[in-house]
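Please read it alongside the sequence and the model.

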Amino acid sequence: MPKFYITTSIPYVNARPHVGHALEFVQTDVIARYRKAKGYSVSLTTGSDENSLTNVLAAEKLGIGVRELCDANSLLFRSMADRIGLSYDAFVRTSADKDHAAVAEAIWGRCSKSGDIYRKKYKGLYCVRCELYYTESELVAGLCPEHKVKPEVVEEENYFFRLSRYQDRILELVEKGTVRITPDGRKNEVLSFVKSGLEDFSISRSVKRAHGWGIPVPGDPSQIIYVWFDALGTYLTGAGMPSDMKRFGKLWPADVHVIGKGIARFHAVYWLAMLISAGLELPREIFIHGYVTIEGQKMSKSIGNVVDPIDMIEKYGADPLRYYLIKNVSTFEDGDFSEKALREAINSELVGNLGNFVNRTLTFISSKLDGKIEEQELGEGALAMKNVAGLVDDVDALLADGQLNAALLKVMEISGMGNKYFQDSEPWKLVKEGDGPAAREVLFVCANICRILGIVAWPFMPAASEKLLGYVGCGTHNFAQARKLVKKFAVVRPQILFSKVE
RNA sequence: AGCGAGGUAGGGUAGCCUGGAGUGCCCGCCGGGCUCAUAACCCGGAGAUCGGUGGUCCAAAUCCACCCCUCGCUACCA
């Protein structure tokens, strides 16, 4: 069985999860489940990024300890992962996972051995209030854009990573697609960034600047490893490094890193260089999604429009939220979230289209045909099955290509087709007229379409899919089964798959 | 400012590369049909100067030029 190793990025835990995080979890999970349904042995790593100054500052603001903040918020992220159905195998906490500290140290050691780490004085414009360095161009009239104060010139000796050395190598890897950057637009951005010239970057902070929070530099307790230099290592930690190198040997390299557009560079440039330097294999693909806006506006605390995915799950369920995030948010561009649109999608698409088709089919079979249906000679129904088969191929191809949004539309087309076939065939009339065989043919076809729907919907809406497959008595969600005709069904009277919202 | 992506009915999209009646899809809206089904489903309809201007061509959403608007990227900052 071929392996497939996929990761989500690890969010900072300075605040609660928002729908943007949910989007990434869902996209990642859809890809992971699709691969499972294709017969891959899939592993998925997620986690939380905790060794950052942002978290320290957030904790100070709240008047609690960093440890406390990280524990609490990490738990929230984990809880969201669980509730949204993210099928993860490892949840790495960068500040609490012993293996992870070991990984960070190992990466450091390996890069150092390659001669890519050196000490250098760093001089920059530092805003004490932000606790951040600014470049000249970021300043507004020479002042910090946030606090309108003049930044201080601060000098600090740090460790640097010799990124410049890898410019040509990265350019080639990305250009040739050895490391695939999806979508192409992002790939071009990465290329233009690399072409503009790569400079070495600082990979440590003084303990003071880091407020003593983070993983110490091996052999130099006065310095803390820069958060990104440790955070990226979670992908290795999750694969088993260093405690289970057998597992790691099987899983690494990652097949896909799913990330948001804001951190593309860290993955497509820094991470690749770090891995080359450390003598480790490179990920095969970096999959970059857009951001979620709320009712057309950027999500922000000051506007107060942050949407809590856990609230949405409690209100509408995980599958409907998953459905919405894939269907209404384009896979690679920014997309919008609105509760109104979510409700409309549930009522008209999940309830009205998919849920109704399943319900009318299964209810019909159980009330009019004793719940049993067997293979029939196919007349008109053969064409319907052929069309469905074509759509299954489409779903498969689109998912393989990462076009999650388009794939889900095709899934919905299948139930749309089922509804139309059911309607046009009017089996209820056939039953009244006493034409049993004709009615049985229609329902035999519809039962198969339901089953196929259950299979292709599984990556997107696993709970509903499993329920549905249970009703038709076919447990498997393996994609290959979607291309076969099941000959005999014993159907149970279904419960409603999705409930209408008022 | 430089580089890149995009502007198609009320919203969201496909079509553009390889010109040929504004052709399609998902919602919303209006009307009709049906009754197996969660007032659901099926059919039909209204609604677009395809960002603007000019050009090439028998013919342009599609090719070219210019302009307007939106959005991304431009390093140590999710």
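A polar contact is a pair of N or O atoms within 3.5 Å; within protein, one must be able to donate a hydrogen and the other to accept it, and residues adjacent in sequence count only if both atoms are side-chain atoms. This is a predicted model: local features need pLDDT of at least 70, side-chain atom pairs count only at pLDDT 80 or more, and totals for chains, interfaces and linings use all residues. Residues are numbered from 1 along each chain as its sequence is written, chains are lettered from A and ligands numbered from 1 in the order written, and side-chain values use heavy atoms, without hydrogens and water.

| Protein atom | Atom of RNA strand B | Distance |
|---|---|---|
| Gly-197, backbone N or O | base nitrogen | 2.2 Å |
| Arg-205, polar side-chain atom | sugar or linking oxygen | 3.2 Å |
| Lys-327, polar side-chain atom | sugar or linking oxygen | 3.0 Å |

In total, 51 residues surround RNA strand B (near means a heavy atom within 4 Å). H13 gives the largest share, 13 residues.

Now the helix pair. The axes of H15 and H17 (residues 436-457) come within 10 Å and cross at roughly 170°. H15 and H17 are therefore roughly antiparallel (angles over 145 degrees).

Terms used: Helices (H or I, at least four residues) and strands (E, at least two) are DSSP runs, numbered from the N terminus. Axes are lines fitted to C-alpha atoms, for helices over the stretch in contact, and angles run from 0 to 180 degrees between N-to-C directions. Angles under 35 degrees count as roughly parallel, over 145 as roughly antiparallel, 65 to 115 as roughly perpendicular and the rest as oblique.
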